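Here is a short report on one chain. Look over the sequence and the model first, then read on.

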Amino acid sequence: MKLNLLSCDAQRPDRRAIAQCIAEISSNMDTSLAKELTDILLEGDPVDIEVADKNSGTALRALRKLSIDYEIIE
């Protein structure tokens, strides 16, 4: 499943928690790339990630918990 991460609405977003979440839920992504994508997301640009179908429910809950708006592409 592909997700487009649109924005983070948290008042004080936790960069480390967001990067860790992205690294855990996405397929084939390392921590350094997750940190770069977190910076891009918090600057206001959308980010595309690939999530394994078996982790999709957990991934969506984790994103909502971090106040990250997303849309499902596929």
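## Terms and basis

Buried means under 20% relative accessible area, exposed means over 50%, and partly exposed lies in between (1.4 Å probe, protein chains only). By that scale Asp14 is partly exposed, because its relative accessible area is 39%. Asp14 sits in the loop between β1 and α1.

This is a predicted model, in which local features need pLDDT of at least 70, side-chain atom pairs count only at pLDDT 80 or more, and totals for chains, interfaces and linings use all residues. Residues are numbered from 1 along each chain as its sequence is written, and side-chain values use heavy atoms, with hydrogens and water left out.

## The chain as a whole

The chain has 3 helices and 3 strands. Helices (H or I, at least four residues) and strands (E, at least two) are DSSP runs, numbered from the N terminus. Along the sequence they follow the pattern β-α-α-β-α-β.

A compact globule of 74 residues would have a radius of gyration near 11 Å, and the chain agrees, with 11 Å. This radius is taken over C-alpha atoms, and the globule rule is 2.2 Å times the number of residues to the power 0.38. The C-alpha trace spans about 30 × 20 × 20 Å along its principal axes. Of the 74 residues, 35% are buried.

## The sheet

The 3 strands form an open sheet in the order β2-β1-β3, with antiparallel pairing. Two strands pair if DSSP finds at least two bridges between them. The edge strands, β2 (47-50) and β3 (68-72), each pair on one side only.

Strand β1 (residues 2-8) pairs with β3 over 5 bridges, in the antiparallel sense. Leu5 stands opposite Tyr70 in β3.

## Helix α2

Helix α2 (residues 31-43) has 13 residues, which at 1.5 Å a residue should span 18 Å; its end C-alpha atoms are 18 Å apart, which agrees. The expected span is 1.5 Å times one less than the number of residues.

Which residues of α2 are buried? They are Ala34, Leu37, Thr38 and Leu41. Seen down the axis of α2, the buried residues fall within an arc of 110 degrees, so they line one face of the helix. The arc is that of the directions from the helix axis to the C-beta atoms. An α-helix has 3.6 residues a turn, so residues three or four places apart point the same way.

The buried residues of α2 pack against β1, α1, β2 and β3. Contact here means heavy atoms within 4.5 Å. After α2 comes Gly44, with a positive phi near 110 degrees.
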